[in-house]
Amino acid sequence: MKLDWKAVLPLAIGVILWFVPTPQGLQPYAWQYFALFVAVIAALVIEPIPAAAAGLMGVTLAAALNLVPATADKAPTTADAVRWALSGFSNGTVWLIFVAFMFAMGYEKTGLGKRIALLLIKTLGKSTLGLGYAVALADLALAPFTPSNTARSGGVIFPIIKNIPPLYGSTPESGARKIGGYLMWTALATTCITSTMFLTALAPNLLALSLLEKTTKLTIGWTEWFVHLAPACILLFLATPFLVYVIYPPEIKRSEDAPKWAGEELAKMGSITAKELTMAGLAVFALLLWIFGGKLFDATIVALMALSLMILTKVVTWDDITSHKTAWNVLCWFGTLVALADGLGKVGFLKWFAALAAGAMSGFSVNALMVALVLLFFFIHYMFASLTAHTTALLPVILATAMGIPGIPMKTFSILICATLGLMGILTPYATGPSPVYYGCGYITRKEFWTLGFVFGVIFIAALVGIDFPYMLMLKP
C-alpha cells in the first residue's frame with residue numbers, strides 16, 4: 001500500500017511539535033493546542049482531505065482533549081470545550097459569508113450577472129483597452145454582493161470573456177498575446193483589487209474581521225472599511241487595465257467584433273426579466289442598509305433579511321439553498337476556522353508570542369514596524385495556496401505581535417493588514433480561487449504569470465502602503 005505523504009505530513013508536524021518541551025511562559029495545554037493548530041493549518045495548505053473536514057477534525061480533537069479553557073488563566077473543562085467547539089457556528093460573520101453565497105447564486109440564476117457583463121462589453125468593447133475596462137467594471141458591479149472572487153470572476157466573468165479571443169484568432173495554442181493574455185490578466189488583476197475595495201467582496205475579508213474582533217476587540221464596519229481603503233483601491237482600479245495594456249500589451253488594439261458578439265448574446269437573453277429586476281432591487285436594498293443602516297441593523301441581519309426576501313419573491317427557492325454544497329461547505333469550514341483561531345487567544349498563546357515578538361522589535365519606529373509587518377504578511381503568501389489558510393494561520397499572530405508594540409494605532413494597522421488579503425491574490429498561479437482558472441486557460445505562460453504576479457504584487461502593495469497608510473494616519477480611526 002502506497003504511503004500518502006500529504007496525509008502523513010500534517011500528522012508528523014503535529015506530533016513533533018506536541019513532544020517539543022513547552023516553552024517557558026506557556027501552559028502545557030497551550031503548547032499542545034498550538035501543535036494541533038499547526039497540524040490543521042498544514043492540512044489546509046496541502047489538502048490531503050477537504051479543508052472543511054480538516055477544520056472539523058481539528059476542532060473535534062481539541063475539544064475531546066479539553067485543550068481550550070474559557071480564559072487563559074483557567075484550566076480547561078469539558079463544558080468549556082463544547083462551548084468553544086461550537087462557537088464558530090454562532091458567529092455572525094460566518095453566516096454573513098454564507099448568505100453572500102446566496103446572493104451570488106441569485107445573480108447567476110436570474111442571469112443578472114451575465115447581463116451586466118455583456119452590456120459593458122457591448123458599450124465599451126470597441127477597443128482592446130475599452131474591453132479591459134469593461135471586464136473590470138463587470139467585476140466591480142458584482143463585487144459588493146459576491147464574497148467569492150472565484151464565483152464572481154471564475155464563475156461569471158471568465159465564462160463570458162473566454163468567448164472573445166477566438167473571435168480574433170487568439171487561442172492558447174496560437175496568438176495568445178493577440179488579445180487573450182491581456183483580457184485574462186486584466187480580469188484577474190481587477191478582481192484582486194475589488195476584493196480589497198469592498199469588505200463583502202472576499203470571504204477571507206469577513207473571516208479576518210471576525211478574527212480581528214476576537215484578537216483585538218476592535219470592529220470595522222462596511223463603510224469604514226471602504227472609506228479607509230478607497231484612495232489606493234480606486235486609483236489601482238482605474239489604472240490597472242491601462243497598466244496591463246502597457247506592461248503586457250495586446251497585439252490587437254481594436255476589438256470591433258466583441259460588441260457585436262455581446263449584442264447577439266444579449267438578444268438571445270431577451271428583455272430584462274422581473275426576477276433580474278427583483279434581484280437588482282434586493283442587492284441595492286442590502287447595500288444601502290449595509291452603508292446607512294448600521295445603527296439599526298447588524299450586517300448579518302441585513303443579509304438574512306435580503307435572503308428571506310429572495311425566497312419570498314422566488315428569486316431562489318429553499319431547494320436552491322439546501323442544495324448549494326459550496327455555501328454549506330464554506331459555513332462548516334469557516335465556523336471551525338473561527339473557533340480554531342479563537343483558541344490561540346484562549347489558551348494564552350497569542351499573548352505569549354506577542355510579548356516575545358515585541359521584545360525582539362524594540363528600537364525601530366512604529367511606522368517602520370507597521371510597514372514591515374504588512375510586507376511580511378503580504379509576501380509570505382507565496383507559501384500559501386489558500387487565502388483562508390493564510391488568514392487563519394497568520395493574522396491572529398501578526399495582530400497579537402502588533403498589540404505588544406507600544407504606540408501602534410491598532411485600528412489603522414488592522415485595516416491595513418486585512419486589506420492585503422485581496423491584493424495578494426495576484427502573486428502566484430495558486431494564490432486565490434480565480435488564479436488557477438486564468439492560469440489554466442493557457443493564454444498566459446508560466447514564466448509570464450510568475451513575472452506579472454511579482455510586478456503587479458509590488459505595484460499593489462506599494463499603492464496600499466504609499467497611499468492608504470498615510471491617508472489612514474491622517475484619519476486617525
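1. Among the elements that each supply at least two residues of the lining of the largest pocket are helix 3 (51-64), helix 5 (92-110), helix 8 (149-161), helix 10, helix 16 (325-346) and helix 19 (387-403); helices here are DSSP runs of H or I with at least four residues, numbered from the N terminus. Helix 8 gives the most to this lining, with 6 residues.

2. This is a predicted model, in which local features need pLDDT of at least 70 and side-chain atom pairs count only at pLDDT 80 or more, whereas totals for chains, interfaces and linings use all residues. Residues are numbered from 1 along each chain as its sequence is written, and side-chain values use heavy atoms, with hydrogens and water left out.

3. The largest pocket has a volume of about 710 Å³, and of its 36 lining residues the closest to the centre are F101, S148, T150, W333 and G433. A pocket is an open set of points on a 1 Å grid over the protein atoms alone, where a 1.4 Å probe fits, with protein on both sides within 12 Å along at least five of seven lines, and lining residues have an atom within 4 Å of a point; the volume is the space filled by probe spheres set on the points.

4. T215 lies in helix 10 (residues 203-216) and counts as buried because its relative accessibility is 17%, the cut-off being under 20% relative accessible area with a 1.4 Å probe, protein chains only. Not counting residues up to four places away in sequence, T215 touches L350, P396, L399, A400 and M403, contact meaning heavy atoms within 4.5 Å.

Methods
Buried means under 20% relative accessible area, exposed over 50%, partly exposed in between (1.4 Å probe, protein chains only).
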